[in-house]
Structure formats: C-alpha cells, structure tokens
Amino acid sequence: MTVSKLGQHLTDVIHTLLMGFVLMGCSVYPDVNTDLAKNNKATFRQDALDCAHSYPESGSGIHVKQRIACMNLKGWH
C-alpha cells in the first residue's frame, strides 16, 4: 500500500468515526418530558432555547453537556 493510499484510507476512517460520534451525540439529547402537559413541540422548543441562551456555544463543546443537564432539570429525558 502506498503512502497516499494509506493517507486516504486513514482520512476515510477518521471521517466515518466522526460521523458516528455526531450521530450518537444527537441521540442522547432529551426529547420526552415527564409532565404530559409539557410534552409538546412548543414547550420543547422554548425550553431548548432557554437552555441555549443560558449556555452559549463554547469552543470546547462543554455547552452540549450543560444544555442536556439544563433540559433534564426542566423535566426532559
């Protein structure tokens, strides 16, 4: 295997792994509220915006964990 083919293969593997991590990360975001009266799109959207304003995007990515914790406090699981 030549160096260029090895580099291309490594790049493909890295892209595949990154895509998998993104898909896994999106699947853990809470989307069901324990209070049935609040379990609707409008309330979800408002709570998600509140959490996004409380925890703005950071370069390290910690804001995602903080937003998930915020949503959990609002009853979303």
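A: A contact here means heavy atoms within 4.5 Å. By that rule, and leaving aside residues up to four places away in sequence, A48 touches Y29 and M71. The model is a predicted one: local features need pLDDT of at least 70, side-chain atom pairs count only at pLDDT 80 or more, and totals for chains, interfaces and linings use all residues. Residues are numbered from 1 along each chain as its sequence is written, and side-chain values use heavy atoms, with hydrogens and water left out.

A48 and M71 both belong to the largest nonpolar core, whose five residues also include C51, C70 and W76. Such a core is a set of buried Ala, Val, Leu, Ile, Met, Phe, Trp, Tyr and Cys residues joined through side-chain atoms within 4.5 Å. Buried means under 20% relative accessible area, exposed over 50%, and partly exposed in between (1.4 Å probe, protein chains only). At least two residues of this core come from each of α2 (41–54) and α3 (62–73). Helices (H or I, at least four residues) and strands (E, at least two) are DSSP runs, numbered from the N terminus.

Of its 77 residues, 16% count as buried. Among contacts between residues at least 6 apart in sequence, 58% join residues at least 24 apart.

Helix α1 (residues 3–27) contains L18. With a relative accessible area of 48%, L18 is partly exposed. In soluble globular proteins, nonpolar side chains tend to be buried together.
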